[in-house]
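Work through the exercises below with the sequence and the structure side by side, and try each task before reading its solution.

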Amino acid sequence: MASLQSGGDAAANGVDADVDGAASPPSAKRPRAGAGAAAITDAEVRAEFAHHDRAVARLNNGTFGCCPASVLAARARWQRLFLSQPDAFYFHHLQPGLARSRAAVAAAVGAGDASEVSLVDNVTTAAAIIMQHVAWSFAEGDFARGDVVLMFLYTYCSIKNSIHAYVARAGATVVEVPLPFPVSSPDAIIAEFRAALAVARDGGRRRVRLAVIDHITAMPTVLIPVKELVAICREEGVDKVFVDAAHAVGQVPVDVRDIGADFYASNLHKWFFCPSAVAFIHTRKDDPVSSKLHHPVVSSEYGNGLPMESAWIGVRDYSAQLVVPDVVDFVNRFDGGVEGIRRRNHDKVVEMGTMLAAAWGTFLGTPPEMCGSMLMVGLPGSLGVGSEDDAVGLRTMLRKQFKVEVPLYYNSKAAAADAPPEMVKDGNGDPVTGYVRISHQVYNVREEYEALRDAVAKLVADGFTCRKLRPPEKEETLA
């Protein structure tokens, strides 16, 4: 990821200033990184996240992310500016402010310039934009019925639904890439991808029009060798590649030009400290397809390019998109900026995951180099996680009884996993079918992971199994 810049003043970044010469409302004085500037302290980090419920061990940053108090205050200033004089906000503040945010994103992810970046609510919206275009290509005869869209088995459900709602309905054949889990090396993923691509091409009788590749899968969480898979797509004649990077920015280094996908989209509210909800989609300005993408909410800006279409979809709260420069200021208060945060989070999540696995007699679902700031850790087999319902029930118990918030995953293919024996059974010889997905963000402390460790240890010591959570009819089905 490139070094982060908040965008500076409006004129220096090609942004038209408003009538008062400012693209943003008056802001509170905030610390900025610079030569000799002191890094943010632990006490200041705690103050930034004092709005979190301190009674809960919050180990699930991956789903909803987090937003520091200083950024929330900046958002409130934008909201008050709109409420105080909506017309002046619309005519003088909104578009210059959004242009500053696009410039900050472009600098952060290695885009050519801000014209390659469109701000949207989330990656789900970005996927709808892309799938709408692909569906139109089928409807207008550019693609033939039966042409293929390739995606992972573990592609996020909203993206899968978008593929089926837009593209399969328009005539595409959908082919899924199996993702081995637990996984011991990137080579296993590359091999499965090549095999699925061969099936999709059917000996050259079918065209693969779009490959959807996760940068980091959500559940189970695995860091995918995305650059290598994009290169394979180019070698094999895949028309377009969409990288679903919902979890990537803030977890792993991102250089969109180096990755080389046609479409790259990432949330900024998960791992980049933005308020909900803001994401971006990147397309290269020299790619003709960029002029053919349209926001599914059609407004007065239709036809003016995706960045402008996305910048006005009607009256709504745009404040989450306007505070990206404030987020850049926040991350630059940390030693090493966003890259320092990323490295520390990665090291800590591996340390905490290793501690949990040792306590439970299990293992990590991936090697450390195949995770970012989230990690899968096997649960003791004696808990008997036998279905997705069991995983939901156990997660609910951890939340309500132990005040621990952590996602759970049921691995239905545990027995058939193409993995070493030590990544299949726990220390007691029981098959590991359940996993927790732990996250580490700057606000987390060791005691929260110890609370999870001790809660699971107590359940095992008490002889708990997920059978106790099942209604009688469900237990008969699973028996």
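## Exercises on a predicted model

**Exercise 1.** Determine which residues of α3 are buried, and work out how they are placed around the helix axis.

*Solution.* Begin with the helix itself: α3 covers residues 69-84, has 16 residues, and reaches 22 Å from its first C-alpha to its last, close to the 22 Å expected at 1.5 Å a residue. Next, collect its buried residues, which are V71, A74, R75, R77, W78 and L81. Seen down the axis of α3, these buried residues fall within an arc of 150°, so they line one face of the helix. Finally, turn to the face directed away from that buried side, where the exposed residues R80, L83 and S84 are found.

**Exercise 2.** Describe the surroundings of strand β12, its residues and its pairing with other strands.

*Solution.* Start with burial: six of the six residues of β12 (residues 434-439) are buried, so the strand is largely enclosed by the rest of the structure. In a regular strand the side chains alternate between the two faces of the sheet. In β12, accordingly, G434, V436 and I438 point one way, while Y435, R437 and S439 point the other way. Now consider the pairing, where β9 and β12 run antiparallel and are joined by five bridges, with M376 having R437 as its bridge partner in β12. Strand β11 (residues 408-410) also pairs with β12 in the antiparallel sense, over three bridges, and here Y409 stands opposite Y435.

**Exercise 3.** Find where S387 lies, and state which backbone atom is placed 3.4 Å from a polar atom of its side chain.

*Solution.* With a relative accessible area of 13%, S387 is buried. The atom asked for is the backbone nitrogen of D389, which lies 3.4 Å from a polar atom of the side chain of S387.

Technical notes
Residues numbered from 1 in each chain as written. Predicted model: local features only at pLDDT ≥ 70, side-chain atom pairs only at ≥ 80, totals over all residues. Heavy atoms only, no water. Helix = DSSP H or I, 4+ residues; strand = E, 2+ residues; numbered from the N terminus. Buried < 20%, exposed > 50% of the residue type's maximum accessible area, 1.4 Å probe, protein only. Polar contact = N/O pair within 3.5 Å; in protein donor to acceptor, adjacent residues only side chain to side chain. Pairing = 2+ DSSP bridges. Expected span 1.5 Å × (residues − 1). Arc of directions from axis to C-beta.
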